[in-house]
Amino acid sequence: MANIQGSQPPGPADLAAAVMSGKREALAQAITWVESNRAEDLVRNAELLQHAQPTCESIRIGVTGIPGAGKSTWIEKMGMDALARGYRVAVLAIDPSSQRTGGSLLGDKTRMNQLSQQPRAFVRPSPSSNVLGGVTRATAEAIQLCEAAGYNFILVETVGVGQSETSVRTMVDLFMLLLIGGAGDEVQGIKRGVVEMADVVIIHKADGDALPACRSTAVAYSQALHVLPTPPSGSAVEVLLASSITGEGHPELWAHIQHLVGTWKDSGWWVTQRAMQRNSLFEQHAKQILVEVHMNKHKELYNKYLDEVRKGVQGPFEAARRWIASHESNA
Ligand SMILES: Nc1nc2c(ncn2[C@@H]2O[C@H](COP(=O)(O)OP(=O)(O)O)[C@@H](O)[C@H]2O)c(=O)[nH]1
Ligand SMILES: [Mg+2]
């Protein structure tokens with residue numbers, strides 16, 4: 001998209017105003033802006049974000065689980081339910097793997113055909129594939145932009161394994177782990193660390209022939225979670241069965257989410273967690289901007305050291321230290 005209306009591209013303040021007035025194309029364009037990684041765009045983006053402040057109180061929910069666990073289907077069901085309850089729904093996907101595959105890992109369901117046709121829903125399938133190392137930042141900023149546009153129910157789907165779960169955990173209020181009944185931990189690609197990040201464990205696709213296997217998986221996970229320490233939220237992790245095809249388990253899930261939101265708002269965890277997340281984002285931004293700015297100035301030296309480290313001429317730590325130190329000598 002070139003710009004909103006005329007021949008001149010909008011300035012950051014104009015775009016922010018258009019986002020806050022609820023124009024979908026403006027929101028889409030603003031998210032494209034923050035997905036840019038170019039150093040010269042950082043100032044423009046900062047100005048956009050300065051202006052585009054949230055206009056609503058939101059609930060942010062992150063969803064993880066292996067490809068095929070039904071995350072997109074679950075999100076579409078939750079999203080439709082949230083719309084029915086009067087929320088405005090935004091869906092974002094965080095997909096570091098798209099850097100390599102151009103996003104092809106995202107299946108058809110990611111388009112969320114039903115949800116994306118709703119006027120009060122906004123679906124953004126995946127960050128653009130050229131966001132080098134900036135996927136986390138772009139997603140966190142996209143969440144802010146959605147909230148500026150008045151979307152008060154934000155769903156974030158993680159795609160790919162490893163880093164993306166940890167990143168999403170730092171930007172949502174509730175983190176859902178979707179598992180499939182019957183499959184062992186290894187099959188599910190679940191590391192202990194991911195289970196420990198979850199606020200709710202959902203044994204998904206609990207319908208038809210799969211129901212008995214789902215029940216036993218639920219029992220096994222309830223027992224396993226029992227021995228883990230209570231999460232920092234203070235709420236024990238519940239294991240719930242759900243099907244996003246039949247809708248079974250969704251009313252209970254919805255009630256549980258509302259319960260957690262209420263409990264955490266009363267206990268102060270809601271505010272504390274968001275404050276901690278803002279600090280964590282600041283730290284990430286500071287480090288990343290530092291490296292980007294430095295890289296722009298000292299790319300050649302970086303490549304030279306990379307080569308020397310590969311050949312064993314310099315140690316990796318020494319090279320990194322000297323590369324950073326080049327700042328003082330050449331500034
Ligand atoms: N039986 C059953 N199938 C489901 C359910 N949810 C999703 N699926 C199917 O599982 C497949 C993968 O779903 P998708 O949402 O794309 O998974 P994702 O890769 O985790 O996003 C699709 O064929 C869905 O129709 C469910 O609750 N029950
Ligand atoms: Mg998906």
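Student: How many residues of H2 are buried?
Tutor: Start with the cut-offs. Buried means under 20% relative accessible area, exposed means over 50%, and partly exposed lies in between, with a 1.4 Å probe and protein chains only. In this predicted model, H2 is mostly covered, with 9 of its 12 residues buried. Among them are Ala26, Leu27, Trp33 and the polar Gln29 and Glu35. Ala26, in helix H2, counts as buried because its relative accessibility is 1%.

Student: What do the numbering and the confidence limits rest on?
Tutor: Residues are numbered from 1 along each chain as its sequence is written, while chains are lettered from A and ligands numbered from 1 in the order in which they are written. The model is predicted, so local features need pLDDT of at least 70 and side-chain atom pairs count only at pLDDT 80 or more, while totals for chains, interfaces and linings use all residues; side-chain values use heavy atoms, with hydrogens and water left out.

Student: How many helices and strands does the protein have?
Tutor: Both are DSSP runs, numbered from the N terminus: helices are H or I with at least four residues, strands are E with at least two. This protein has 14 helices and 7 strands. Of its 331 residues, 50% count as buried.

Student: Which residues touch the most other members of the largest nonpolar core?
Tutor: Nonpolar side chains tend to be buried together in soluble globular proteins. A nonpolar core is a set of buried Ala, Val, Leu, Ile, Met, Phe, Trp, Tyr and Cys residues joined through side-chain atoms within 4.5 Å. The largest here has 49 residues, and Leu27, Leu145, Cys146 and Val201 touch the most other members. Helix H2 (residues 24–35) gives the most to this core, with 7 residues. The core draws at least three residues from each of domain 1 (1–53) and domain 2 (54–267); these bounds come from an automatic or database domain assignment.

Student: Which residues is Leu145 in contact with?
Tutor: Contact means heavy atoms within 4.5 Å. Leaving aside neighbours within four places in sequence, Leu145 contacts residues including Leu27, Ala30, Ile31 and Val34. A second, separate core of 34 residues includes Ile61, Ile202, Trp269 and Trp270. Among contacts between residues at least 6 apart in sequence, 77% join residues at least 24 apart.

Student: How many salt bridges does the structure hold?
Tutor: Side chains of opposite charge can pair when their charged atoms come close. The criterion is a side-chain nitrogen of Lys or Arg within 4 Å of a carboxyl oxygen of Asp or Glu. The structure holds 11 salt bridges. One joins Glu147 and Arg60, at 2.7 Å from N to O. Glu147 sits in helix H7 (residues 135–148) and Arg60 in strand E1 (residues 59–64), 87 residues apart. Both Glu147 and Arg60 are buried.

Student: Where do Arg169 and Asp199 lie?
Tutor: Their side chains meet in a salt bridge at 2.9 Å, N to O. Arg169 lies in helix H8 (residues 163–169) and Asp199 in the loop between helix H9 (192–197) and strand E6 (200–204), so the pair ties together parts 30 residues apart in sequence. Arg169 and Asp199 are both buried.

Student: Does Asp307 count as buried, partly exposed or exposed, and which accessibility makes it so?
Tutor: Asp307 counts as partly exposed because its relative accessibility is 25%. Arg310, at 63%, counts as exposed. The two form a salt bridge, with the closest N and O atoms 2.3 Å apart. They lie 3 residues apart in helix H13 (residues 299–311), about one turn of the helix. Asp307, Arg310 and Lys311 are linked in a network of salt bridges.

Student: Which residues coordinate the magnesium ion?
Tutor: Donors are N, O and S atoms within 2.8 Å of the metal (3.2 Å for Na, K and Ca); water is not among the atoms, so sites may look incomplete. Here Ser72 (OG) and Glu157 (OE) coordinate the magnesium ion (ligand 2) at 2.1 to 2.2 Å. Ser72 is in helix H4 (residues 71–84) and Glu157 in strand E4 (residues 153–158), 85 residues apart. Both Ser72 and Glu157 are buried.
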